[in-house]
Amino acid sequence: MSSGLVRAASESTEDEDKGFYCYPGEDGQSWVCDKGVHNKPVRQIRSTTPAAGVKSREAKAGQLENNPRTAKPANPPVRSEHSTTQASAAQAEGQRIAGDKAEAGRLGNGPTAEVLRWNEISGSRSPEVSNNPQDWYTPAQARAIDAQYRPVEDLAAQLYVQDPDPAGYCAGGYVQRDYPYPVDVDNESFPIIAEADSLSSEIDVTAQLVGNVSVAQGNRLIRAPLADLDQVQRVGHFPQGVRMDQPGLIMQGEQAVVHLDSQEADLQGVQFVITDAGLRGEARQMQQSSGGDLALAHNSFTRCEPDNNGWRLNTRNLLIEQDEVFGTAKHAVLRLKRVPVFYTPYLKFPVSDERVSGFLFPTLGYSDEDGAEVSLPYYFNLAPNYDATFVPRYFSKRGASGELEVRHMSSWQTTAVGGALLPDDDLYNGTLSRKDFDEFVDDMGNPVDLGVFEPADRWLGALDHRGRFGRFRTFADINMVSDPDYFRDLGSDLNVSSQIELERRAEIQYVHSGLSVRLWGQRFQRLDQVGVDDYERLPELELLYSTDLGPLELGVSATWADFDRDTTGLNGLNAVTGERTHIEPRVSLPMSWPFGFLNLTGGYRYTRYDLEQDSNAAGFQLVDDKPDRNIGLASVDGGLIFERDINWFDQALVQTLEPRVYYLWQEFDDQAELPRFDASVLTFGYQQLFRNNRFSGLDRIGDANQASVGVTTRFLAEETGREYFRFSVGEIFYFENRKVTLAGGQTAFDRRSQSAVAAEISASIAQHWRLTGTTLWDPYDNEVDEGGAALQYRRDNRHIFNLGFRNRRDQDIEQTDVSLYWPISRQFSIIGRWNYDLVSGRTIEGFGGIEYNDCCLQIRLLARRFLDSPAGTVITDFDEADGDDGIFLQVVFKGLAGFGTKIEGVLENGISGYRSPEQQDYFSNGSSY
């Protein structure tokens with residue numbers, strides 16, 4: 001049996017200028033090796049083949065033939081310090097070993113002998129055997145330790161790679177090596193492969209690897225200048241430092257003990273980089289368990305890039321469990337630069353984008369009205385498909401409150417249910433704030449004593465649902481609050497926004513082929529000071545069906561709805577409730593060609609009501625509680641498309657000219673005594689030219705004998721079809737006066753023979769620039785009734801500029817609007833908006849501020865002035881509105897959490913084109929700031 005030996009690439013011993021010579025042992029089973037000097041004691045080794053192998057870094061695979069006396073020499077084996085057998089020249093007969101490379105032997109306890117085949121030398125396949133051991137001598141040269149095998153001063157800086165053209169706030173990122181296997185493989189199932197410049201071994205007991213040592217197992221790679229391997233305990237000692245590289249984690253220690261058969265490791269003087277979360281840090285000691293858990297003592301870490309310590313968290317103990325989402329820190333001190341700003345005995349922070357139960361970072365705030373505000377969110381990871389968030393909140397001037405949101409997802413639906421409760425608000429009694437209560441005066445300005453102030457309970461409820469099951473669709477959006485001032489006073493961390501009214505709507509829909517059936521209900525909660533509630537639609541059933549009959553398209557729509565509301569104190573038609581049934585069959589002949597289209601349509605509209613009126617209502621009284629309406633309609637819609645090729649600044653374009661004519665005839669039926677459940681007048685614009693009803697809803701259907709004429713021109717890219725420019729203009733010509741109105745008699749507009757001229761424009765005038773505009777020109781008064789224009793530059797979420805103007809003559813509105821979000825350096829940006837009313841000479845809303853944003857820290861300071869509208873009142877008289885001022889500060893420690901005022905909504909509403917980044921540039925723990 002032949003023995004397997006290792007030849008070192010270099011040997012850093014006292015005889016560096018000399019090489020090795022080896023010859024067969026007396027038993028014919030082993031090799032005896034010595035170094036340079038013939039009379040120096042040598043040791044004999046008998047090599048075996050375990051699961052773990054060690055090979056020379058520069059060795060090539062080969063095998064030694066079974067007969068050592070006839071083997072072809074190539075590389076001399078390494079000296080082993082195991083046996084004390086003395087060699088002689090006679091024992092070396094028939095073999096000469098020379099060269100610089102040899103196949104690695106194996107370390108371990110395996111029983112099978114390793115066989116090596118030596119490469120030939122001197123180009124001869126049958127070299128002549130020399131009996132002189134000196135002929136076997138080949139000098140070996142020592143080489144220096146490469147930088148990647150030595151501990152470095154700053155591990156993170158070495159791994160960080162600058163991006164030559166960064167698009168975000170970060171100038172680069174951490175780069176990992178290419179792993180040989182999928183990142184989720186079990187490293188312990190792979191053999192251990194070791195490489196080094198030299199090896200000294202006591203078979204099955206110890207081995208020392210010296211110079212550029214690497215130990216690889218699966219995706220785990222250990223590099224060091226020196227390694228002492230205990231083959232009995234299967235433990236490696238790295239006294240001169242070590243670097244361990246595995247998916248998601250790279251760490252370096254000044255000293256380390258590593259278990260070769262598991263992931264266990266104990267490092268001293270540690271630097272680490274968690275690449276998945278972008279975290280880097282140092283620790284006095286780090287222990288990795290067999291399961292991959294990391295326990296660090298006296299450590300600090302940050303998400304900031306190297307050489308930037310915007311924030312740093314110092315902890316006494318830190319635990320990062322394998323495959324867990326959050327790390328757990330004890331006795332943690334948060335530092336902004338070098339200044340300590342927060343201490344907590346216990347903290348969880350994100351180390352991956354997975355979900356886990358635990359406390360999120362608290363939010364802190366202060367205002368003159370509410371006093372100090374503190375919230376401490378807790379996240380419940382209940383199951384892979386449902387979770388919950390509970391947010392206890394405390395206002396020093398109002399009291400304690402709580403918010404809860406539960407989310408559930410399945411293969412056919414997503415649902416979120418939320419609620420909030422503030423019992424006994426010390427600043428609100430259900431109608432008035434404490435300040436207004438204490439300062440209440442009558443119409444003459446005299447103080448009025450309202451008695452004892454009694455705090456009121458304040459609450460919020462919300463349901464959001466989307467579902468799809470086979471051919472069925474389900475939807476629900478239900479929101480409600482205790483009082484109109486809830487959002488103004490308290491806001492909410494739930495996904496519910498403040499608005500003039502809260503909608504509550506639920507529906508179920510069935511769709512199959514040409515059939516669609518929908519059952520739905522709707523009601524509203526008014527948050528403004530309007531005294532009349534909207535009608536509730538409880539419920540409404542809709543049916544739509546269409547089919548083809550040769551070239552004809554046949555269709556029918558039918559609806560039934562029940563409308564109700566509180567009619568106490570209402571008069572006339574406002575006090576009417578009841579049911580409405582509507583049926584509308586249609587037949588159309590659509591025709592289209594490459595140069596144009598023509599659609600012929602005819603239909604019939606039948607509506608029947610079953611009404612009730614409040615017996616106490618004054619004014620108009622119902623004569624017929626079951627009125628009906630019968631209206632026929634016909635329309636002709638046609639257009640042509642002309643094209644021509646043009647060249648604009650060396651770019652091939654296609655210009656189109658698209659004239660369109662739409663004729664509508666609709667029968668008149670008196671509707672003055674019909675209720676107005678869901679009817680309103682549509683805002684007039686270019687698209688309104690081609691609608692078959694000038695009212696929304698079904699309670700008013702306008703009579704018509706009119707023709708609309710419009711023309712559109714476009715400039716399109718010849719290759720891609722991208723639209724660079726579009727301009728449309730058109731007008732309606734009336735052949736009869738309009739008799740149907742929303743309420744009351746005819747007006748002067750109903751007797752005009754032509755409508756206002758409507759035009760709209762949209763242009764991509766350059767890269768990232770877009771111009772849009774609309775206008776309504778009154779040909780009778782030769783004035784612009786309504787107009788608006790907006791110029792926007794948007795390259796990304798940081799480079800936004802808006803310039804806008806709008807006016808409405810009938811409402812005496814004339815306003816300018818300028819906003820921007822613009823970087824003045826990589827980290828600093830300016831933010832601002834100025835919405836100014838030219839008529840009143842007042843600023844409707846203005847804010848300005850500065851933002852600092854980098855890889856690890858975001859700070860926003862914003863000053864805002866706006867016109868206040870208590871109880872959701874819509875501001876129509878800007879002279880009488882009250883102004884309000886505010887200063888807002890927001891701080892976000894990226895990868896950890898943040899505190900301060902939540903101003904994302906201010907930016908989204910105030911800067912057109914700005915979208916909440918949703919933590920695109922940094923890791924988030926799911927909190928919103």
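A residue is called buried when its relative accessible area is under 20%, exposed when it is over 50%, and partly exposed in between (1.4 Å probe, protein chains only). This is a predicted model, in which local features need pLDDT of at least 70 and side-chain atom pairs count only at pLDDT 80 or more, while totals for chains, interfaces and linings use all residues. Residues are numbered from 1 along each chain as its sequence is written, and side-chain values use heavy atoms, with hydrogens and water left out.

The structure holds 23 aromatic pairs, where rings of Phe, Tyr and Trp (its six-membered ring) pair if their centres lie within 6.5 Å, and planes under 30 degrees apart count as stacked, over 60 as edge-to-face and the rest as tilted. Y160 and Y174 form an edge-to-face pair, because their ring centres are 5.3 Å apart and their planes stand at 80°. Since Y160 belongs to strand β6 (residues 160-162) and Y174 to strand β7 (residues 172-174), the pair ties together parts that are 14 residues apart in sequence; strands here are DSSP runs (E, at least two residues), numbered from the N terminus. Elsewhere, ring pairs join Y535, F563, Y609 and F677 into a cluster.

Turning to a loop, S357 sits between β20 (339-350) and β21 (358-359), and its relative accessibility of 24% makes it partly exposed. The C-alpha atoms of S357 and Y379 are 5.1 Å apart in space, although these residues are 22 apart in sequence.

Finally, E612 lies in strand β35 (residues 596-613) and is exposed, because its relative accessible area is 57%.

Key. Helix = DSSP H or I, 4+ residues; strand = E, 2+ residues; numbered from the N terminus.
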